[in-house]
Amino acid sequence: MDYISAKTILSGYSSGEWFGCNYNMNIYRGCSHGCIYCDSRSECYHIDNFDEVRAKKNALEILERQLQSKRKKGVVGTGSMSDPYNPFEEKYKLTRGALELLDRYEFGVSIATKSPLITRDIDLLKRIKRHSPIIVKMTVTSFDDDLCKIVEPNVAVSSKRFDAIHKLSENGIFTGILLMPVLPFIEDTNENILRIIRLAKENGARFVYPAFGVTLRQNQRLYFLKKLDEHFKGTSQKYIKEYRFSYECRSKRAAELWKIFKAECDKFNLLYKMKDIISSYKNEYEEKQMSFLDK
């Protein structure tokens, strides 16, 4: 593990429009999952050697000082730029240490990950839930493990992620799926969307939040097109013809997929609108608190 200097771990307070997050936290920098579509590889984020995971030096000490100084409690989001459950986490337990601090200072947490390693920390997640809102978002872009191995080569396949969702849900953790990005010409099929929704329901997910397309910019575009040439012959030319240099590469089938997606989620009583997801997981916490106070 290499370490990099850092002055802060938590970002400033925000209104919480993205899954109710009021603060953002990144203990690690870079990611080893190797997902061919990852926007965090873009030059604008100034992350050299993005595929190399490094930890922020004295991260837990800095985080504790920041938590002590915050006048407003809130939900701390993690996983936006690098997965908090990368392979190094199993040994170094920096994310676990951060969760222990969030529990101690009574902050909520919103976690985005692709790793089943998160199930190791169910005990802490349950402790946090006693006093603050908590939500886990597991990214799944394909139901097919073989396709998953190509698109997201260095992380657990989708079936293992569904197993993790099942375990988290069984333990009362509000858990759902980030169905994003859905890669045009590769993953934007009716079968893929319907299978993911049904597997979400079978494994106890509470929501599925989609994006039927992918974002591409700067060096990430070149990396993505190169990987398409390696694994999906002729697909890079489809992207160039359809999207040229557009940042947002929305699936041509997005409107059709949305209708199918919405109908299936409604059938299975799965949430899919941001405001409903936020309201539901925060209301669960408030109802739990009210029940506790009434005893």
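Contact here means heavy atoms within 4.5 Å.

I am working from a predicted model, in which local features need pLDDT of at least 70, side-chain atom pairs count only at pLDDT 80 or more, and totals for chains, interfaces and linings use all residues. Residues are numbered from 1 along each chain as its sequence is written, and side-chain values use heavy atoms, with hydrogens and water left out.

**Helices H8 and H9**

I took helices (H or I, at least four residues) and strands (E, at least two) as DSSP runs, numbered from the N terminus. I looked up H8 (residues 218–231) against H9 (residues 235–243): their axes come within 7 Å and cross at roughly 140 degrees. Axes are lines fitted to C-alpha atoms, for helices over the stretch in contact, and angles run from 0 to 180 degrees between N-to-C directions. I use roughly parallel for angles under 35 degrees, roughly antiparallel for over 145, roughly perpendicular for 65 to 115, and oblique for the rest. H8 and H9 are therefore oblique to each other. On the H8 side I found Phe224, Leu225, Leu228 and Asp229, which meet Thr235, Ser236, Tyr239 and Ile240 of H9. I sorted the residues of this contact into five nonpolar, two polar and one charged. Nonpolar covers Ala, Val, Leu, Ile, Met, Phe, Trp, Tyr, Cys and Pro; charged covers Asp, Glu, Lys and Arg; the others, Gly among them, are polar.

**Helices H3 and H4**

I then checked H3 (residues 94–104) and H4 (residues 122–129), which pack at about 20 degrees with axes 9 Å apart. H3 and H4 are therefore roughly parallel to each other. H3 contributes Arg96, Leu99, Glu100, Leu102 and Asp103 to the contact, and H4 contributes Asp123, Leu124, Leu125, Arg127 and Ile128. I noted five nonpolar, no polar and five charged residues there.

I counted two strands as paired if DSSP finds at least two bridges between them. An open sheet of six strands runs in the order E2-E5-E6-E7-E8-E9, and its pairing is parallel. At the edges I found E2 (23–25) and E9 (208–210), each pairing on one side only. Ignoring direction, neighbouring strands are turned by 25 degrees against each other on average. Inside this sheet I looked at E6 (residues 108–113) and E7 (residues 134–139), a parallel pair with five bridges. Thr113 has Met138 of E7 as its bridge partner.

**Three-stranded sheet**

The other entry is an open sheet with the order E1-E4-E3 and mixed pairing. E1 (2–4) and E3 (28–29) are its edges, each with a single partner strand, so one side of each lacks a neighbour in the sheet. E1 and E4 (residues 54–56) run parallel and are joined by three bridges. I recorded Arg54 in E4 as the bridge partner of Asp2.
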